[in-house]
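Colleague: I would like a close look at one part of this model. Please take me through it step by step.

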Amino acid sequence: MNLHRIGVIGAGTMGNGIAQVCAAAGFDVTLLDIAEPALQRALATIDKNLDRQVAKQVLSAEQKDAALARIRLSTDYTSLEGADLVIEAATENLDLKLRLLQQIAAQVSTECVIASNTSSLSITQLAASVSVPERFIGLHFFNPVPMMGLIEVIRGLQTSDATHALALELSTRLGKTAITAGNRPGFVVNRILVPMINEAILVLQEGLASAEDIDAGMRLGCNQPIGPLALADLIGLDTLLAILAAFYEGFNDSKYRPAPLLKEMVAAGYLGRKSGRGFHAYG
Ligand SMILES: NC(=O)c1ccc[n+]([C@@H]2O[C@H](COP(=O)([O-])OP(=O)(O)OC[C@H]3O[C@@H](n4cnc5c(N)ncnc54)[C@H](O)[C@@H]3O)[C@@H](O)[C@H]2O)c1
């Protein structure tokens, strides 16, 4: 498969991680953002992360330098010309993504595959905005990208088998395991994970157990690395509420109703780690 040049759109949390793993795997990467400072921050983050891998002897110093040399920074969409694959990882906003996908499609050939890293938007709807919807797919990386072994590959209604095959090949070449999912809210992992967290909040709300005991129960009884309430605090309770609201609306099913306690916590400004207080207290 002809897969050498990769464009990554958005140099934030996910974009810089995606650019790093693609460059480390030998691809030529163009990392594009509308904000120059975001690009500089991304490069500093990548440099630091690669240094850590050199210290752990995962990479040699030469491999680090070669990976960095394969990353080109840009604020100009014309720099995507010649890309074989473009991965969109910009801000999660439907109107913004629809607009920038058209900008991407205007620069690349009809052979180029365009992918989105969206967590919550419909791949079928995004695909409908580009010139060749058959060559559009969801590539849902997990945070932090260099550490996490999974990519969810999401087929829109229009996605061709060849596009799907390219996504699977990319995952292998990045050293990740791919699972394929259909296009429904939450795909597979969040569809299962988020209702489990919501149920933990309902258990707390009912007074069945303390937050500490609920988390200890799931860590020690189910071998989860982190308890569901501590994980909720890490994700951010406002983000969690937004995801549940999207499930509730997207499936029209009451089983996804957000726990009233979650709504109340968000209304109080208790958002988890980022606000210093959630189901647990932080420094
Ligand atoms: N953060 C996570 O844990 C996570 C996990 C999986 C998927 N995602 C998805 O990844 C995507 C990016 O999330 P993030 O957390 O990295 O966001 P972020 O806010 O850290 O970064 C978004 C970047 O997009 C840039 N941007 C905005 N408009 C742009 C445009 N028109 N052209 C180019 N760049 C533009 C911003 O300047 C910013 O640097 C979202 O779709 C999100 O749903 C996030």
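Which residues touch the most other members in the largest nonpolar core?

Modeller: First, the ground rules. This is a predicted model, so local features need pLDDT of at least 70, side-chain atom pairs count only at pLDDT 80 or more, and totals for chains, interfaces and linings use all residues. Residues are numbered from 1 along each chain as its sequence is written, and side-chain values use heavy atoms, with hydrogens and water left out.

Now the core. Ile6, Ile18, Leu85, Ile87, Leu139, Phe141 and Leu170 touch the most other members among its 35 residues. A nonpolar core here is a set of buried Ala, Val, Leu, Ile, Met, Phe, Trp, Tyr and Cys residues joined through side-chain atoms within 4.5 Å. Buried means under 20% relative accessible area, exposed means over 50%, and partly exposed is in between, with a 1.4 Å probe and protein chains only. Helix α1 (residues 13–24) gives the largest share of this core, six residues. Helices (H or I, at least four residues) and strands (E, at least two) are DSSP runs, numbered from the N terminus.

Take Ile87 as a way in. Leaving out residues up to four places away in sequence, Ile87 touches Ile6, Gly7, Val8, Ile9, Ile18, Ala115, Leu139, Phe141 and Leu170. Contact means heavy atoms within 4.5 Å. There is also a second, separate core of 23 residues, and Leu80, Ile104, Ile123 and Ile154 are among them.

Next, follow strand β1 (residues 5–9). Four of its five residues are buried, so β1 is largely enclosed by the rest of the structure. Strand β1 runs parallel to strand β2 (residues 28–32), and five bridges join them. Two strands count as paired if DSSP finds at least two bridges between them. To check the hand, point the strands away from you: the path from the first strand over the helix to the second runs clockwise. Strand β1 also runs parallel to strand β4 (residues 85–88), with four bridges between them. There, Gly7 has Val86 as its bridge partner in β4. Keep one rule in mind as you look. In a regular strand the side chains alternate between the two faces of the sheet.

Strand β6 (residues 136–141) and strand β7 (residues 150–155) run antiparallel, joined by four bridges. Leu139 has Val153 as its bridge partner in β7. The loop between β6 and β7 holds Pro144. The peptide bond from Asn143 to Pro144 is cis, with omega near -5°.

From β7, move on to strand β8 (residues 177–182). These two pair in the parallel sense over six bridges. Arg155 has Gly182 as its bridge partner in β8. The chain goes from β7 through helix α6 (residues 161–173) to β8, and this β-α-β crossover is also right-handed.

Stop at Ser171, which sits in helix α6. Ser171 is buried, with a relative accessible area of 0%. The side chain of Ser171 reaches the backbone oxygen of Ala167 at 2.8 Å. Setting aside neighbours within four places in sequence, Ser171 is in contact with Ile151, Val153, Lys176 and Ala178. Val153 is also the β7 partner of Leu139.

Phe187 is buried, with a relative accessible area of 5%. Its phi is near 50°, a positive value in a residue other than glycine. Asn252 also has a positive phi, of about 50°, although it is not a glycine. Asn252 lies in the loop between α10 (237–251) and α11 (260–268). Asn252 is exposed, with a relative accessible area of 71%. Most residues other than glycine have a negative phi, and most peptide bonds are trans.

Last, step back to the whole chain. The chain is divided into domain 1 (5–181) and domain 2 (191–273). These bounds come from an automatic or database domain assignment. The C-alpha centres of domain 1 and domain 2 lie 30 Å apart.

Conventions
Polar contact = N/O pair within 3.5 Å; in protein donor to acceptor, adjacent residues only side chain to side chain.
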